[in-house]
Amino acid sequence: MTELATPPTAEQSGVTRISHWIGGRSVAGMSGRTSPVFNPAFGKQTGELDLATVEEVDAAVQAAKEAFETWRGVSLAKRAELFFNIRELVHERREEVAKILTSEHGKVLSDALGEVTRGLEVIEFCCGLPTLLKSEFSEQASSGIDVYSIRQPLGVVAGITPFNFPVMVPMWMWAPAIACGNTFVLKPSEKDPSASIWTAELLKEAGLPDGVFNVVHGDKVAVDAVLEHPDIAAVSFVGSTPIAKYVYETATKHGKRCQALGGAKNHMIVLPDADIGMAADAAVSAAYGSAGERCMAVSQVVAVGNVAEPLIDAIKERIPKLKVGDGMDPASEMGPLITKEARDRVASYVEGATAEGGKVLVDGREGAPEDGFFLRPSLIDDVKPGMKAYEDEIFGPVLGVTRVGTYDEAVKLVNDSPYGNGTAIFTRDGGAARQFQFDVQAGMVGINVPIPVPVAYYSFGGWKASLFGDRHIYGPEGIDFYTRGKVVTSRWPDPATSKVDLGFPQTR
Ligand code: NAD
């Protein structure tokens, strides 16, 4: 096993070194390769992140492998008790981690608190692990024979997570994985990694044994080391579609179970009978919340029939009132984008829209705070299939409007999309909404709800290029993903029924 060094605790010139967490303690990276972490509201570097080598990933896996032997045997009662402790601690300290999220991701503090709360719901679900892991028993399946099923953990499992939910998405993975008796290696986003170390410290404080939860920071080197490691049994991934596909193909090629959630382009259909005020509020909230950096953000409104004009007017009226600024300022409703590159990339879609035939009704490049990586919300009308602004996942505060004549044309747009994460319909017509839920090819559907992220006791996941693998994340499918079944057929000695019989076993 690689020799593990302790990182320096002192901060150099206001820039904090962010190191790995292996076997229950902070471990300084030895690769000599690092990556800067910024506060995007000011465009200033605040952290220097160690990027792991293959050997450092292996050290984390070995720590997890060693811990697994004991952890898998800890009783359900003790594991549940620990989850109640974790729940209490996260709840008590949610503001602390929300501030970490705001300072590295940029989302406003109230939104960061919302992220923690939705993650907490998954932890709360996992407090019921004794019930979740209950199996089946058939007495007297055959004469004198009982049959029962059990679900067991897989071993060491890994999570690779995106920048946009630095605490919640890891919770979607480590909470069910650990509750089921696995040990965990997290490779968080290199853009906002501190929440993962906060989580590691909190889990230790809650009483989680060392080695059950480990963090390795890194880039493609660390990801590939995870995907190829022979001692990792399963990988959960959340991120963009090209990387999700790569992760799924590589992990499964190396014999691992894998669920890889990808990107999205979510359509919100507004029918002519919809409540215009409610639809406009929903579109603005879901398009510009968290600066559009949500995989469930609404990025495309599909206006059916004559709803377009009043709906666009209502959206336009709301945009100038949105307060864009540092997420720590309680007055701010929308923060910056994650990096300067992300800001410039998103701005390029607004820049290019007119040449492609779109109409920029509100240009978010104007009037944004100058320090930091800010844009204001943009609104583009007449966005059509074939345009870059329509086809690409922009992942920023840009809302496109597509006008169509009928419900059927609207559904066709959703179903022709390569993505199938979330979609929503706004209408007062129950029959139309019910037909939509039947027709539409997407994993999560909202009826007058713009961001239909399922509650923790359902599972989260998209269709098509938004998910590679056959299990959605968290909820019942998460428990399924992190366990494997065994069926036991049992008979207790009864000399009266024992004889030599070379025939294939049959029930009697
Ligand atoms: P990303 O794909 O760039 O990164 C995700 C993870 O993959 C990170 O840990 C990163 O270090 C790693 N990675 C990046 N490039 C890699 C490479 N070439 N090889 C190996 N690993 C690599 O995604 P992001 O920018 O951090 O997050 C935004 C994306 O995530 C958006 O596309 C968004 O829709 C998606 N997302 C999806 C969901 C969902 O549930 N479907 C949820 C949140 C975010």
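The model is predicted, so to speak of local features a pLDDT of at least 70 is needed, side-chain atom pairs count only at pLDDT 80 or more, and totals for chains, interfaces and linings use all residues. Residues are numbered from 1 along each chain as its sequence is written, and side-chain values use heavy atoms, with hydrogens and water left out.

Let's start with the strands (DSSP runs of E, at least two residues, numbered from the N terminus; helices are runs of H or I, at least four residues). Strand S1 (residues 16-18) pairs with strand S5 (residues 44-50) in the parallel sense over 3 bridges, where pairing takes at least two DSSP bridges. Ile-18 sits opposite Leu-49 in S5. Strand S4 (residues 34-39) runs antiparallel to S5, joined by 6 bridges, and Thr-34 faces Asp-50. In the S4 and S5 hairpin, with 4 residues between the strands, Gly-43 has a positive phi near 70°.

Next up is Ser-196, in helix H7 (residues 194-206). Ser-196 counts as buried because its relative accessibility is 2%; buried means under 20% relative accessible area, exposed over 50%, partly exposed in between, with a 1.4 Å probe and protein chains only. A polar side-chain atom of Ser-196 lies 2.5 Å from the backbone oxygen of Pro-193.

Finally, look at helix H15 (residues 430-439), whose buried residues are Ala-432, Ala-433 and Phe-436. They share one side of H15 because they cover an arc of only 100° around the axis, taken from the directions from the helix axis to the C-beta atoms. On the other side, Gly-430, Arg-434 and Phe-438 are exposed.

Technical notes: A polar contact is a pair of N or O atoms within 3.5 Å; within protein, one must be able to donate a hydrogen and the other to accept it, and residues adjacent in sequence count only if both atoms are side-chain atoms.
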